[in-house]
Amino acid sequence: MIELFAKVFGFALNFVYMFFKLCKTEKKVSFISRQSDTPSLDFCCLINEIKEQCPECKVDVLCRMIPHGLLGKISYGFEMFRQMKALATSRVVVIDGYCIPVCMLKHKKDLKVVQIWHALGAVKKFGWQSIGAEEGRNERLSKAMCMHRNYDFVLAPSKKTAGFYCKAFHASEDKIVILPLPRVDFILDKNGREDEFYSLNPDMKDKKLVLYLPTFRNGEAMAASLLKRQFEDKNEYRLVFSTHPLSEVEKDERFSAKGDFSSYDLMKIADIIITDYSACAFEASLLLKPLYFFIPDYASYMKDRGINVDIKKELPSAAFEKAELLVDAIEKNDYDMDSLIRFKEKYVENADTNSTKNLAEFILNQI
């Protein structure tokens, strides 16, 4: 039934879109996202660079998450009208996730769609890779919703990751562009907010800051509680959580930092970073700080979701299923940095401070 509704919905969208396509195409780049209600760091960096390189090029930004509840989802229909207008009047559209109008509509021939995805790689399987998995997508519904169709280019940070993206997006190799995301520039920029952080959190200044960056998933609350228990009496360390916006992990002031700091800000300040199956592992690897993986649900996650990057094989001395063994390793301070360097070079190629400039040039060349 839901597949039939999706097909009728797609037909109706295309009918309405025919009228939007009567609008004149402009020298314009549109950015569309439903990851958040505000432009991401990648979008902001790209927008500024495009305006600098091509002042006469128009830029349109449409960022809105799909609201909860039936009424919220109905109201999102009006947002899709805005997206359709942007698609009909732009030369290039940049997206960082699945976008219904991008994938379900028949576009003008001169429109170029660039998928830059919202993560710097993929530890866990997603998109078409996860079809049929316990926590994956429904195949019939995915086909009816035309999941990840109509992309002219898909950005990937490395050749290794390109293989994952070809499967996840059902994209041919000729559509893959090997370029890091703009956020790489920010992460590698040595100017951070350390002074501001410690002025707001003076009690952390003389401790080793351990940053925990879990992915949004089933079981994350259990993993968080195990870590809290191990770090409670470790006076030399201070554990700080930076969770996904949709995370169900309860906020705990004992493991929180004061101030409005992004996960990227905190990565640059932290002494040690812990994650699990999150793609932030690739971002953290750029900083060449001790990076650990706490994966107490490793066996079940492999079965229910599946992973592209087997952390236990890639970084065996830094991956732990037991919190006490992880903390022991941190205290021993004997980290295998050579393995981390190999990991970084394998999954993020050509990481330098020209990522935004290079991607903006690529986008403008499509115009």
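At what angle do the axes of helix H2 and helix H16 cross? This tour of a predicted model begins with that pair and then moves on to the sheets.

**Stop 1: helices H2 and H16**

Select residues 41-53, which form helix H2, and residues 355-366, which form helix H16. Their axes cross at roughly 65° and come within 9 Å of each other. The crossing of H2 and H16 is right-handed. To display the contact, show the side chains of Cys45, Leu46, Glu49, Ile50 and Gln53 on H2, together with Thr356, Lys357, Leu359, Ala360, Glu361, Ile363 and Leu364 on H16. The residues of this contact comprise 7 nonpolar, 2 polar and 3 charged.

**Stop 2: the sheet of 6 strands**

Next, display the open sheet whose strands follow the order S2-S1-S3-S4-S5-S6, with parallel pairing. Its edge strands are S2 (58-63) and S6, each of which pairs on one side only. Neighbouring strands in this sheet are turned against each other by 20° on average, direction ignored.

Select S1 (residues 28-33) and S3 (residues 92-95): 4 bridges pair these strands in the parallel sense. One place to look is Ser30, whose bridge partner in S3 is Val93. Helix H2, from the previous stop, packs on this sheet and touches S1, S2 and S3. The direction of H2 makes about 175° with that of S1.

Continue to strand S4 (residues 112-115), which is joined to S5 by 2 bridges and runs parallel to S5. Here Gln115 has Val154 of S5 as its bridge partner. Are the residues on the two faces of S5 buried or exposed? Both faces of S5 are covered: Phe153 and Leu155 lie on one side, Val154 and Ala156 on the other, and all are buried.

**Stop 3: helix H6**

Select helix H6, residues 159-168. H6 packs on the sheet of the previous stop, where it touches S5 and S6, and its direction makes about 160° with that of S6. Which residues of H6 are buried? They are Thr161, Ala162, Phe164, Tyr165, Cys166 and Ala168. The elements that cover them include strand S5 (153-156), strand S6 (176-178) and helix H15 (337-347). Just after H6, select His170, which takes a positive phi of about 50°.

**Stop 4: the sheet of 5 strands**

Now display the open sheet of 5 strands in the order S8-S7-S9-S10-S11, again with parallel pairing. Strand S8 (237-241) and strand S11 (319-320) stand at the edges with a single partner strand each, so one side of each has no neighbour in the sheet.

Begin with strand S7 (residues 208-213), which is joined to S8 by 5 bridges and runs parallel to S8. Lys208 stands opposite Tyr237 in S8. S7 is also joined to S9, by 4 bridges and in parallel, and the bridge partner of Val210 in S9 is Ile272. Ile273 stands opposite Leu291 in S10.

Show the side chains of S9 next. Ile272 and Ile274 point one way from the strand, Ile273 and Thr275 point the other way, and all are buried.

**Stop 5: Leu227**

Select Leu227, found in helix H9 (residues 220-231). How buried is Leu227? Its relative accessible area is 0%, and Leu227 therefore counts as buried. Leaving out residues up to four places away in sequence, Leu227 touches Tyr212, Leu239, Ile274, Phe294, Ala323 and Leu326. For a view across the model, select Ile176 as well: Ile176 and Leu227 are 51 residues apart along the chain, and their C-alpha atoms are separated by 38 Å.

**Stop 6: helices H1 and H3**

Finally, select helix H1 (residues 2-20) and helix H3 (residues 70-89), whose axes come within 10 Å and cross at roughly 50°. H1 and H3 are therefore oblique to each other, and their crossing is right-handed. H1 contributes Phe9, Leu13, Val16, Tyr17 and Phe20 to the contact, while H3 contributes Met80, Phe81, Met84, Lys85, Leu87 and Ala88. Of the residues in the contact of H1 with H3, 10 are nonpolar, none is polar and 1 is charged.

Methods. Residues are numbered from 1 along each chain as its sequence is written. This is a predicted model: local features need pLDDT of at least 70, side-chain atom pairs count only at pLDDT 80 or more; totals for chains, interfaces and linings use all residues. Side-chain values use heavy atoms; hydrogens and water are left out. Axes are lines fitted to C-alpha atoms, for helices over the stretch in contact, and angles run from 0 to 180 degrees between N-to-C directions. Angles under 35 degrees count as roughly parallel, over 145 as roughly antiparallel, 65 to 115 as roughly perpendicular and the rest as oblique. A crossing is left-handed if the near helix is turned anticlockwise from the far one by less than a right angle, and right-handed if clockwise. Contact means heavy atoms within 4.5 Å. Ala, Val, Leu, Ile, Met, Phe, Trp, Tyr, Cys and Pro count as nonpolar, Asp, Glu, Lys and Arg as charged, and the others, Gly among them, as polar. Two strands pair if DSSP finds at least two bridges between them. Buried means under 20% relative accessible area, exposed over 50%, partly exposed in between (1.4 Å probe, protein chains only).
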